[in-house]
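Thanks for coming, everyone. Please have a look at the model on the screen, and then I'll walk you through it.

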Amino acid sequence: MAPLKGALGRALLRLFAVQGSYNYERMLGVGVGVAEEPLLRDLADGKYRPAVARGAHFFNSHPYLTGLAVGAAARAEHDGAPPDQIERLREALCGPLGSLGDRLVWAGWLPLLSGLTIAAIALGAGWFAVAGFLIVYNIGHVALRWWALNAGWTYGARVSVALHSPMLQKALALLGPAMAFAVGFALPLAARFLAVPFPRWGQLAAVVTAGLVFLALRWRSDRLNGLRMALGLSAVALVVGLIWQ
Amino acid sequence: MSLALYRIDDRLIHGQVVVGWGQPLHVSFIVLVDDEVSSSDWEQDLYRMGVPPQIEVIFASVDQAAQLFSTWQTDERVGILLVGDIDTAVALAARVPQVRRFNVGGVHHRTGRKERLRFVYLTDDEAAKLRDLAARGVDVTAQDVPTARAVPIGEFT
């Protein structure tokens, strides 16, 4: 069955903001409801409102793969599936989509490309490598979102068929080892690249900064964590570096 | 070694269960007790997908669980028993007196439920059922991940 004209595109665009209303009560739920709404507009009058409300119930999974649940639930609504079956479908998708997304993206595609980019920079590719990273990463990222939404809409309640697809299984099997290779390849190159001599005051500043971060983490371990501090300081260093040049 | 964790979690199998609890406990099997899931092939298919191949997943209804409980209890591997709602937990505890504790790991928002903890939302009725369970000698605590504090029942119902 064909979706309403332009509805899949609208849902895809709205899915980019799926984490915008994240909260402990519904997690991604409200974002999912908003993204699903364009796909529900051609439902009969009495069905539209309860379907949108169902769409906004509790949901949590990997943000890039959430489209699969959005498409599947919208399709199941059109197929006239009973409400409690749609609720159960949504609940059953949280876990597998979360673990699939973690393996595919956070432990696969992202560190794989990061490793290759770091290696390329260490070998002298400079800003081209950074631009290449942003472009290639996001081609994969948006393609995954689009595939997920389409697969969900195509299969509806039988969406596990899409998750068993050989292409996906092959990607999972390849990405792990490829990621490990890229990061292993990048580490020694990055170490040599960073080991260029730098002045005494720079070394001192690095030691003092590390000490301050350590103290800050001990002091506010409830609010701060290593990753946030590292990202924040990297951003500051980047800005200072650009101004200083 | 037998069952190391009895957990109430409405998302059933997800990362927190498989990685968060599964890894430190060295879990080799997960028993999922749910009357609806035990009779639904597509749901079983989806839940199995979130689990690495070396971990066995067993689906059972409350009736089947009551019959098979002793075999899980004497299994030499370590396992986790999961239920998706308070009613299933109460029914299981009533049928199987060896169930002496329940970990409330995640019960999320639904119409009529109030926030008790960040990961526990309960209707007044559900809270009363949990207190009943505790009054009958079952140790009920709320804890989402192993590194968090186990919150005693009196603090969240």
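**A walk through the model**

Start in chain B. Val31(B) has Leu81(B), in β4(B), as its bridge partner. This is a predicted model, where local features need pLDDT of at least 70, side-chain atom pairs count only at pLDDT 80 or more, and totals for chains, interfaces and linings use all residues. Residues are numbered from 1 along each chain as its sequence is written, while chains are lettered from A and ligands numbered from 1 in the order in which they are written.

Helices (H or I, at least four residues) and strands (E, at least two) are DSSP runs, numbered from the N terminus. Two strands pair if DSSP finds at least two bridges between them.

Back to that bridge. Strand β2 of chain B, residues 29-33, pairs with β4 of chain B, residues 78-83. The sense is parallel, over 5 bridges. β4(B) also pairs with β1(B), again parallel, over 6 bridges. There, Tyr6(B) has Leu81(B) as its bridge partner. Next, β1(B) and β5(B) run parallel, joined by 3 bridges. Ile8(B) stands opposite Val104(B) of β5(B).

Now put the strands together. What is the order of the open sheet of 7 strands in chain B? It reads β3-β2-β4-β1-β5-β8-β9, with mixed pairing. β3 (56-60) and β9 (151-152) of chain B stand at the edges with a single partner strand each, so one side of each has no neighbour in the sheet.

A helix packs on this sheet: α4 of chain B, residues 86-95. The helix α4(B) touches β1 (2-9), β2, β4 and β5 (101-106) of chain B. Contact means C-beta atoms, placed from the backbone, within 7 Å. The directions of α4(B) and β4(B) make about 120°. Axes are lines fitted to C-alpha atoms, for helices over the stretch in contact, and angles run from 0 to 180 degrees between N-to-C directions.

How confident is the predictor? pLDDT is its confidence in each residue, from 0 to 100. Chain B averages 94, and 99% of its residues score at least 70. The model scores ipTM 0.83 and pTM 0.82.

Over to chain A. Helices α1 (7-15) and α4 (66-78) of chain A pack at about 140°, axes 11 Å apart. Ala11(A), Leu12(A) and Leu15(A) of α1(A) meet Thr66(A), Gly67(A) and Val70(A) of α4(A).

Chain A has domain 1 (7-191) and domain 2 (198-244). Those bounds come from an automatic or database domain assignment. Taken over C-alpha atoms, the domain centres are 33 Å apart.

Last, the interface. How many residues of chain A are in contact with chain B? 18 are, against 19 residues of chain B. On the chain A side, α5 (83-122) and α7 (160-163) each supply at least two residues. The largest share, 10 residues, comes from α5(A).

That's the tour. Over to you.

Conventions:
Contact = placed C-beta atoms within 7 Å. pLDDT = per-residue confidence, 0-100.
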